[in-house]
Amino acid sequence: MNSISLSELTDRIQETLKLNFDTPVWIRAEISELRDNQSGHCYLELIEKEAETGFLLAKSKATIWSTTYRMLKPYFESSTGQSLRAGISVLVAVTVEFHGVYGFSLNVRDIDPTFTIGEMAARRLKIIRQLEDDGIADMNKEIEFPKLPQRLAVISSATAAGYDDFCDQLKNDPAHFAFYPKLFPAVMQGDQAESSIISALEKVYNHQEAFDVVVIIRGGGAITDLACFDSYELASNCAQFPLPVLAGIGHQRDVSILDMVAHTSVKTPTAAASFLIETMQQTENAMLDVVADMEQIVRRKIVEQNRFFETINWKIKQNLKSRVSAKNMLLEKQKSRLKSALSTTFSRQQYRIGLLEKSIESHSPAFLLKHGYTITTLNGKRITTVKQVKALDKIRTFVHDGDFGSEVFG
């Protein structure tokens with residue numbers, strides 16, 4: 001029986017591959033794993049799946065050596081607006097290599113970003129069509145935006161400059177409207193962003209009765225950081241959320257899928273705060289218009305009643321001598337009718353005023369105190385962040401039935 005050693009076999013395989021794959025080959029694949037290290041090399045696992053079933057058809061290790069990786073990575077990311085990462089489809093030129101000890105692998109020499117751009121556009125279109133087919137693309141837009149959007153569930157990174165800009169814009173509002181933002185921290189970029197934002201939405205959902213609006217904000221950054229906002233799962237959660245979603249994602253590119261399904265979308269966190277302030281201003285203007293209309297109606301009614309009384313009095317004087325009794329009876333009837341009409345008019349206006357007072361009261365600090373919120377002050381100024389206090393500060397906390405003082409210990 002003829003036999004050869006294992007090394008002879010691997011040498012033959014290596015020679016065969018060199019003869020048949022002596023130049024780079026362009027292949028289509030999906031990156032299932034990607035890691036780079038301090039040496040600058042990038043190690044990947046490339047796979048191919050069956051389109052309909054997702055069944056794994058092929059898998060191979062691949063390497064991008066540091067000298068090539070330093071050129072390909074920025075070239076790909078600047079061309080596509082996407083980071084080179086696991087989960088994306090690529091068209092790469094590879095050389096086929098086989099080592100007697102390390103086995104079969106591919107060495108990536110070049111990449112075609114236009115292929116990935118096409119794949120991204122197709123994926124984005126597929127997500128949009130899926131949302132439309134599911135009948136949820138416009139669900140959040142159909143929710144009525146509140147007239148007084150004061151109780152805000154804010155989803156953002158706690159340390160992001162965009163979140164600080166949003167809060168500063170609300171605080172520096174010249175009209176001094178009262179807003180009550182509550183932060184639900186989330187990762188706003190990278191592989192964990194999608195699940196983190198969805199988790200924050202679930203926490204808001206568990207307390208939805210405490211809020212008027214959900215605000216999702218993120219400051220400006222690299223285009224490659226914003227891929228999570230084109231996710232079907234995130235878009236689906238926002239589209240079906242029971243509160244209106246205001247998106248203020250700072251980006252310099254086309255509208256994201258999240259922007260498309262949100263109730264309202266603006267360009268930046270600062271613009272989101274401005275939108276809320278403008279909404280409050282519009283409501284205030286409308287309420288002032290109602291009050292002005294009521295005052296005008298009351299003044300007109302008084303003028304009309306005065307003229308009517310003057311006419312009656314003149315008629316009574318003209319006919320007083322001959323028809324004193326009859327005119328007295330008529331006068332009493334007319335006065336009764338006038339009193340009734342005036343009473344009805346004032347009742348209606350008082351009812352409208354009462355409705356406005358209830359609306360204003362339901363958004364006042366006193367109302368919020370009754371429902372479990374507290375207001376804490378330092379030297380008479382409201383505390384909105386822990387940065388305003390330090391140890392041994394004496395603070396005062398107001399609740400619905402009084403207030404009490406306390407001292408900061410740490």
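Biologist: Is the crossing of α3 and α6 left-handed or right-handed?

Modeller: This is a predicted model, in which local features need pLDDT of at least 70, side-chain atom pairs count only at pLDDT 80 or more, and totals for chains, interfaces and linings use all residues. Residues are numbered from 1 along each chain as its sequence is written, and side-chain values use heavy atoms, leaving out hydrogens and water. Helices (DSSP runs of H or I, at least four residues) and strands (E, at least two) are numbered from the N terminus. With the near helix turned clockwise from the far one by less than a right angle, the crossing of α3 and α6 is right-handed.

Biologist: How many residues apart in sequence are the parts tied together by Phe 184 and Phe 211?

Modeller: The whole structure holds 3 aromatic pairs (ring centres within 6.5 Å; planes under 30 degrees apart stacked, over 60 edge-to-face, the rest tilted). The rings of Phe 184 and Phe 211 lie 5.7 Å apart at their centres with planes at 75 degrees, so this pair is edge-to-face. Because Phe 184 belongs to strand β7 (residues 180-185) and Phe 211 to the loop between α5 (193-205) and β8 (213-218), the separation in sequence is 27 residues.

Biologist: Is Phe 184 buried or exposed?

Modeller: Its relative accessibility is 9%. Buried means under 20%, exposed over 50% and partly exposed in between (1.4 Å probe, protein chains only), so Phe 184 is buried.

How values were computed: Rings of Phe, Tyr and Trp (its six-membered ring) pair if their centres lie within 6.5 Å; planes under 30 degrees apart count as stacked, over 60 as edge-to-face and the rest as tilted.
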